[in-house]
Every structure is written in structure tokens, then in C-alpha cells.
Amino acid sequence: MKKALAVLMAAVFCMCSMVGCSQKKQVTIETAEDLNGLKVGVQGGTTGETWVKENCPDTEIASFKSGMDAALDLKNGGVDAVVIDELPASQIVAQNSDLKILDIRFTKEEYAIAIRKGDTELQSAINAAIADMKTSGEYDKLLAAFMPADGEVKIPDEYVSDGSETIKMGTNAAFWPFEYTEGNQIVGFDISMSQYVAQHMGKKLEVVNMDFDALIGAMQAGSIDFIAAGMSVTPERLENVDFSDPYYESEQVIIVRK
């Protein structure tokens with residue numbers, strides 16, 4: 001019997017070595033600083049990644065293409081926590097009952113549309129469209145559509161322009177409810193807002209989807225005209241781009257396993 005048990009244990013050990021068995025360790029996080037010493041998942045190029053790098057020097061950071069990718073690694077025990085903006089976090093947790101958001105909020109930030117450095121003409125046109133959106137009530141309609149109190153998102157009709165010129169908006173469609181895919185369409189608050197901006201300028205909107213950390217480089221290269229991707233205004237980004245007036249305020253949160 002002992003010999004058979006030993007053989008069984010050896011087989012299990014060998015199998016774990018081959019498939020990479022992992023044990024999900026329990027962690028206690030009461031403040032954002034408790035992330036120090038842990039392995040934390042973030043979406044590459046985001047404010048969450050920057051904050052963890054600057055404030056938790058002993059943290060091992062794992063960067064992912066999307067918050068959902070980071071959350072899946074969290075579920076599998078690959079990371080101990082995920083730092084991400086509050087609204088995408090709420091959607092991730094709604095879709096994964098074994099995850100939860102901690103009652104910790106930090107780094108208030110403002111989202112704005114990014115424009116090439118020195119393009120004051122486009123900046124002024126976008127600011128005028130945002131202001132008009134707010135005074136006309138369209139801004140509140142979009143908030144109610146994509147961030148409703150009952151959680152039931154209702155995608156509004158497109159803002160259509162009959163202009164002949166096209167303006168290209170760059171985004172990363174993995175950031176609910178600001179930009180995400182619904183069937184074969186890219187939708188979200190930023191998409192509808194950008195449609196309104198294009199219509200206000202008498203232009204047609206073309207949405208270009210790419211990795212978040214590639215957006216600024218693509219705009220500098222002229223592949224896109226502006227960025228609407230839940231992008232927050234930071235001193236580092238201001239070195240490379242200009243921003244419109246802010247249109248939304250958010251905070252970072254921490255997701256852990258229940």
C-alpha cells in the first residue's frame with residue numbers, strides 16, 4: 001500500500017511539473033500600498049500601470065492587452081490582484097462571480113480626447129463639440145445610455161454626418177462601457193461621443209481599433225487624427241500629445257479573488 005501511494009504521489013508531482021499546477025495564495029489588501037510585494041495585473045499603457053510602478057516599487061507587474069485578460073489570469077492564480085478603472089472593473093466582476101472589487105478608490109483622473117501636439121484647430125473644434133453636447137443634453141443622454149442606474153445599457157442611434165471628409169478616431173475596444181465590441185460593431189460612450197464630434201465638424205467618423213499602448217504612436221505617425229479611449233490626462237502624456245477639455249472623471253480600483 002505504501003509503495004502504491006508513493007508511486008501515486010510521484011505521478012501527481014510529475015503531472016504538476018508538466019502542466020504547471022499552481023496554488024492560489026490568499027492575500028490581504030486593505031490599502032493600495034498593500035500591493036507591494038504582490039504580482040499585479042494591469043492593462044498595458046494605462047494610468048493603473050503607471051500608478052503601480054510609481055507607488056508600489058516592490059510589486060511585480062504583469063501587463064495585459066485588456067483588463068479582461070488580466071482578470072482571467074487573476075482567476076487562474078497567475079496574479080494576486082488587478083488594478084483598473086472603476087467602470088470596466090464593474091463589468092469584469094459582473095461577468096465573473098468569483099472576483100470582487102475592494103472598497104478602495106485612488107488616483108482620481110479625468111478622461112479627455114487626445115490630439116496631436118500643436119493641433120489647436122482640431123482641439124478647438126473638439127472642445128466646441130463637447131461643450132455643445134453638454135448644453136444640448138446629448139451628453140446626459142449618452143451617460144444614461146451607457147452608464148444607466150439599472151445596469152441595462154441601451155446603445156443609442158448613431159450620430160450620422162453627410163459630410164464628404166473623413167476623420168479617424170483611434171481607440172482600444174476593450175474598455176467597457178467607453179469602447180467595446182457588440183457583435184461585429186465597436187460601440188461605447190467614446191464611440192458615440194466621437195460620432196457627435198465628427199457630425200459637429202461636418203465630417204464622417206472612421207473608428208480605428210488597436211492596442212491601447214500603440215495609440216499615441218499611431219497618432220504621431222498620422223494614422224489617426226485623435227484618440228478617444230478612456231484616456232486620462234497625465235503629465236507624461238502631455239509631453240507627447242495635447243488634450244481636449246475633460247469629459248469624464250474616474251478612479252482606479254483593485255480586483256481580487258473572492
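Is Tyr180 buried or exposed in this model? Tyr180 is buried, at 10% relative accessibility, because buried here means under 20% relative accessible area, with exposed over 50% and partly exposed in between, for a 1.4 Å probe and protein chains only. Before I go on, this is a predicted model, in which local features need pLDDT of at least 70 and side-chain atom pairs count only at pLDDT 80 or more, while totals for chains, interfaces and linings use all residues. Residues are numbered from 1 along each chain as its sequence is written, and side-chain values use heavy atoms, with hydrogens and water left out.

Now to the rings. Searching the whole structure gives 11 aromatic pairs, where the rings of Phe, Tyr and Trp (its six-membered ring) pair if their centres lie within 6.5 Å, and planes under 30 degrees apart count as stacked, over 60 as edge-to-face and the rest as tilted. One of them joins Trp176 and Tyr180, a tilted pair at 6.5 Å centre to centre and 55 degrees between the planes. Another is edge-to-face, because the ring centres of Phe178 and Phe189 are 5.9 Å apart with the planes at 75 degrees.

H7 is mostly covered, with 10 of its 12 residues buried, including Phe189, Met193 and Tyr196. After H7 comes Gly202, whose phi is positive, near 75 degrees.

Terms used. Helices (H or I, at least four residues) and strands (E, at least two) are DSSP runs, numbered from the N terminus.
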